[in-house]
Structures are given as structure tokens and as C-alpha cells.
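Open the model in your viewer and keep the selection tool at hand. The tour goes from one selection to the next and says what is found at each stop.

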Amino acid sequence: MADQAPYRVVVADDFADMRHLVRMTLERSGRFQIVAEAENGLEAIDQARDLQPDIMVLDLAMPVLSGMEALPQIREASPHTKVVVLSGFDRSRMESEAIAGGAVGYLEKGLRPAQLVDELLAVAGLMELVQVAAETARAKLEAQPQSAASARHFVDETLRRWHCDELFDVVALLTSELVTNAILHAHSEIELNVSLTPDAIRIDVADHSADLPAMRAAAEEDTSGRGLGLVEALAMAWGVDERPGGKSVWFELPRPDKRG
């Protein structure tokens with residue numbers, strides 16, 4: 001829309017040529033205003049604190065303090081800033097870690113100018129739709145025992161960002177049960193989605209097995225088998241959705257700020 005104020009952006013990258021390219025591309029679109037540049041993670045934190053931009057375009061590999069190290073401090077310094085990683089690292093290697101640290105998107109360098117504009121406009125759209133749509137954080141986990149702990153850490157970081165950390169104990173318990181169940185029975189990579197909807201926190205654990213989970217009564221001496229029973233007891237809603245190549249098991253808890 002022509003009368004809409006441009007989104008205020010800080011570009012953080014240690015290469016001046018890359019900062020110039022991003023600045024030129026975004027400002028030429030008319031939808032963004034570059035309010036500052038940073039060439040390392042410490043400068044990015046300072047610019048976030050001083051300017052409170054709408055968006056920060058953040059490189060990961062920077063001197064003094066890397067973008068990954070700076071990311072949580074940027075989020076703390078300016079909680080409303082949407083941080084979008086623009087990195088030379090393949091997204092399959094770093095995207096989950098960046099999202100867990102507080103980024104809302106991950107883009108790889110080498111995008112055509114129009115693609116960069118479109119991707120950032122999509123992120124800008126989240127600012128307008130977050131109250132009526134869902135905000136989602138995603139992570140991919142390997143089929144290994146350590147993934148349950150990784151899932152708890154990811155959930156912790158996400159709930160803190162959304163100021164819903166009072167739900168952590170219950171969400172972490174149920175998420176660990178579902179992730180562990182998927183590791184034991186699906187033997188596949190797991191996708192964990194944490195969504196903030198207008199009324200609930202929704203956790204979705206997807207795997208590549210078509211075998212549907214079944215609730216069973218666990219004996220007192222059993223060390224496993226209580227996962228779905230806990231979900232049934234503690235969640236306000238839960239279910240299993242079949243999908244191409246697998247399934248997803250989900251549960252919802254009421255948002256703490258929406259309780260009567």
C-alpha cells in the first residue's frame with residue numbers, strides 16, 4: 001500500500017559489499033528503510049537496543065561476536081524486532097538453531113533481489129497478523145535419544161520469546177513424551193512445531209511412520225508407556241493426523257494470557 005510507512009531495518013553483516021547490496025535492494029522496493037548497519041554482533045545488539053527496528057537482517061558468521069551468539073541478546077534488547085537470518089550457511093545446517101535462538105526466518109545468501117524483498121515482506125506481514133493468525137517455530141530433530149533434551153530446550157526458548165514460559169513444565173513434559181515415543185517407534189527424523197494461536201499453545205510432533213500410536217495402561221513398575229495417558233490428562237485437546245509419508249501427534253494448552 002502506497003501510504004504505508006516503510007519497515008525500519010538494520011542490516012548486520014561483516015562485508016560492506018553485502019550490506020550495500022541488501023540496502024540498495026530493499027530501499028529500491030520502497031517498502032523498507034535501512035536505519036543502520038552493523039558489521040559485527042556487538043554492533044547489532046547496540047543498534048537493536050538504540051533503534052528498536054521492525055526487522056534486523058542478520059548474518060551468522062561475523063567477527064567479535066557472531067550472529068548466532070548475538071541473536072538472544074538482540075531479542076532481549078528489542079523484543080519486538082523480527083530477526084531474519086541471511087547467511088551463507090546451508091539452511092539445513094543452521095536453520096533450527098537460529099529459530100531456537102529467536103529468529104523468525106532463515107534465508108540463504110544468493111537470493112535474487114525480488115526474492116529477498118518478497119521474503120522480508122512475508123516476515124513483515126507477521127507483525128500485522130500475529131494477533132489473528134498463528135506464529136510458529138519449527139525444529140528438525142534426529143532419531144536419537146538426545147533429541148528429547150533438544151526438544152525441551154527448543155520449547156523453553158520459544159515459550160520465553162512468547163512470554164508463555166509459565167507453561168514450560170507441562171509443555172516440556174508432554175513434548176518429551178511424544179518425541180521419545182517417535183524416536184522409539186518411528187525411527188525417523190522428527191519435525192517439532194510450536195505454534196501460538198489466538199487461544200492456545202499447540203505442539204505438533206511429526207514423523208515418517210504411518211503407524212498410529214495407541215494409548216495403553218502402564219503398570220506401576222513400567223518405565224515407559226505413559227505418554228498418551230499424560231497427554232490425555234493434561235492437554236485441553238490432542239489428536240493424531242495422518243499425512244503423506246507419516247503422521248503428526250499434537251496437543252494444545254490454553255494460552256496463559258487468555259485464561260479467564
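Over residues 218-225, where pLDDT stays under 50, how many contacts beyond four places in sequence does the model have? Select this stretch: the model has 8 such contacts for it, where pLDDT is the predictor's confidence in each residue, from 0 to 100, and contact means heavy atoms within 4.5 Å. Then select residues 126-134, where pLDDT also stays under 50 and the model has 14 contacts beyond four places in sequence. Where pLDDT is low, the predicted coordinates should not be read in detail.

This is a predicted model, in which local features need pLDDT of at least 70 and side-chain atom pairs count only at pLDDT 80 or more, while totals for chains, interfaces and linings use all residues. Residues are numbered from 1 along each chain as its sequence is written, and side-chain values use heavy atoms, with hydrogens and water left out.

Now colour the protein chain by confidence: its mean pLDDT is 83, and 87% of its residues reach 70 or more. Confidence is lowest in helix 5 (residues 113-129), at a mean of 63, and highest in helix 2 (residues 41-51), at 97; helices (H or I, at least four residues) and strands (E, at least two) are DSSP runs, numbered from the N terminus.

Next select Leu192, Ile201 and Phe251, which have the most contacts inside the largest nonpolar core, a group of 31 residues. Such a core is a set of buried Ala, Val, Leu, Ile, Met, Phe, Trp, Tyr and Cys residues joined through side-chain atoms within 4.5 Å, and buried means under 20% relative accessible area, exposed over 50%, partly exposed in between (1.4 Å probe, protein chains only). Among the elements that give two or more residues to this core are helix 4 (91-101), strand 8 (200-207) and strand 10 (246-254), and its largest share, 6 residues, comes from helix 7. Keep Phe251 selected and show what surrounds it: not counting residues up to four places away in sequence, Phe251 touches residues including Val171, Leu174, Ile203 and Trp238. A second, separate core of 22 residues includes Ala48, Ala70, Ala103 and Tyr106.

Finish at Ser147, which lies in helix 6. Is Ser147 buried or exposed? Ser147 counts as buried because its relative accessibility is 3%. Leaving aside residues up to four places away in sequence, Ser147 touches Leu141, Glu142, Val179 and Ile183.
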